[in-house]
Amino acid sequence: MTASLSLSQARRIALAAQGLEKERPAGPVTPRAVGRTFDRMQLVQIDSVNVLSRSHYLPFFSRLGNYDRSILHTMAGRSPRRMMEYWAHEASFIRPQHFQDLVLWQNRTWVGAHNMDPDFREAMARRILATLAAARPMTASELTAHLGHEEDTQPDNWGWNWNVVKRVLEHLFEEGLVTSASRTEQFERRYALTSRILPQLSAVDNRLEPDPEAASASMDRLIDAAAEAHGIGTDRCFADYFRTPVKAAAPSVQRLIDAGRLERVTVRGWDRPLYRHASARLPRAATGRALLSPFDPLVFERRRLEELFGFHYRIEIYTPAAKRRFGYYVLPFLLREGIVARVDLKSDRAAGQLLVRSAHGEPDAPADTAVELAAELRLMADWLGLGDIVVSPGGDLAAALVEETARL
């Protein structure tokens, strides 16, 4: 018999799976707590936009509060590594245990050197691999200089004016042969051989056709991990988490049902085939509070977000300013089991201010939304080392937020 759940129950399952259903832990945040949080999320998306904070730092703040960001540097940069970079939902920090499975299933042909002359690409790849085998990790520009490579490139407003070395590096990154050893202050990757950074992982050559049985098992592991991170969702939700093909995910879902890892459920008001993970918890209540990154795992899949929380969300970074509805870098505000507001935030590091450029409440926002949001903004400002919170008049929640932040 298929279990039937209310929308409220589905929301609580989803929040618990992401560690967002309860108040943050009291006291200092330990590396162990950060590691457990990452294991629960399975991945965090990387993005170069730094208007508030690097995006991969924010999901940990949402779940843990004021934590030391250097813990992530240790997890990603020291042995044994708990995090590594690879393609997943987008460019992401992933758990190393997923690396080999993702190499089998990722196909980012628009990245790197797929359209380059194969003989030339392979010759450059051999030079790069030989250099990285004998040298310290290098950025693309350092490696270009080391190889003595020169070429004419035209400026590109979007930052995609990669030279040949960078393109081949990204090709090798996709193939799993090189990885990121660390990042510079300018957020450039320092490339190294994957075998040197993670010797326990053998490189997978995704240029070869994988064994069908091994490929199916690999997909099962990824869908199982995605379903565990979701708690509840559709096959498309699970496939989207690691950006694996939906066509291959559907039979994987059935195999996981047969294995007892997933069960079919229905949710009133959510009219698509749904599945609940065997490990998913249903808390009696959701008591959490969090500002969510535009790239938070909870908001990855916009259709799921709207069906589950009734929250329509689009990031407007690439929308012309005059056409933006809510702002440039807008964070959803989660309160208890609802997403009740959205705020456009910016860190003015020179002035030591957290700028709230607009604040909008949702139609059903509870009466204490401004009070709770002000407290959350104060916590975020402290975490970012910013002294003042400056609220601009944009949005229907701004006036109340000015009053509440003044009380803190």
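In what order do the three strands of the open antiparallel sheet stand? The order is β2-β4-β3. Before we go on, a word on the model: it is predicted, so to speak, with rules attached, in that local features need pLDDT of at least 70, side-chain atom pairs count only at pLDDT 80 or more, and totals for chains, interfaces and linings use all residues. Residues are numbered from 1 along each chain as its sequence is written, and side-chain values use heavy atoms, with hydrogens and water left out.

## The three-stranded sheet

Let us stay with this sheet for a moment. Strands here are DSSP runs (E, at least two residues), helices are DSSP runs too (H or I, at least four residues), and both are numbered from the N terminus. Two strands pair if DSSP finds at least two bridges between them. β2 (43-45) and β3 (84-87) stand at the edges with a single partner strand each, so one side of each has no neighbour in the sheet. From one strand to the next, the twist averages 35 degrees; such angles run from 0 to 180 degrees between N-to-C directions, and axes are lines fitted to C-alpha atoms, for helices over the stretch in contact. β3 and strand β4 (residues 91-94) run antiparallel and are joined by four bridges.

## The five-stranded sheet

Another open sheet has five strands, in the order β10-β11-β12-β13-β14, and its pairing is mixed. Its edges are β10 (289-291) and β14 (388-391); each has a single partner strand, so one side of each is left without a neighbour in the sheet. Here the twist averages 30 degrees from one strand to the next. Within this sheet, β12 (residues 338-348) pairs with β13 (residues 353-361) in the antiparallel sense, over eight bridges. You can find D348 opposite Q353 in β13. Helix α15 (residues 398-407) packs on the sheet and touches β13 and β14, and its direction makes about 155 degrees with that of β14. Contact means heavy atoms within 4.5 Å.

## A strand with two partners

Now look at β8 (residues 262-267). It pairs with β1 (residues 3-5) in the parallel sense over three bridges, and S4 stands opposite T266 in β8. β8 is also joined to β9 (residues 270-277) by five bridges, and these two run antiparallel. There, L262 stands opposite H277 in β9. β8 and β9 form a hairpin with two residues between them, and G269 in the turn has a positive phi of about 95 degrees.

## Helices that cross

| Helix pair | Axes | Angle |
|---|---|---|
| α6 (residues 118-134) and α8 (residues 164-175) | within 10 Å | roughly 80 degrees |
| α10 (residues 212-230) and α12 (residues 246-258) | 9 Å apart | about 75 degrees |

## Aromatic rings

The structure holds nine aromatic pairs. Rings of Phe, Tyr and Trp (its six-membered ring) pair if their centres lie within 6.5 Å; planes under 30 degrees apart count as stacked, over 60 as edge-to-face and the rest as tilted. The Y241 and F242 rings have centres 5.7 Å apart and planes at 85 degrees, so this pair is edge-to-face. Both residues, Y241 and F242, are buried; that means under 20% relative accessible area, with exposed being over 50% and partly exposed in between (1.4 Å probe, protein chains only). For F311 and Y313, the centres are 5.8 Å apart and the planes at 35 degrees, so the pair is tilted. F311 and Y313 are buried too.

One aromatic cluster is formed by F38, F60, F61, Y67 and W383. The charged end of R69 sits over the ring of W383, 4.8 Å from its centre.

Note on methods. Lys NZ or Arg CZ within 6 Å of the ring centre and 35° of its normal.
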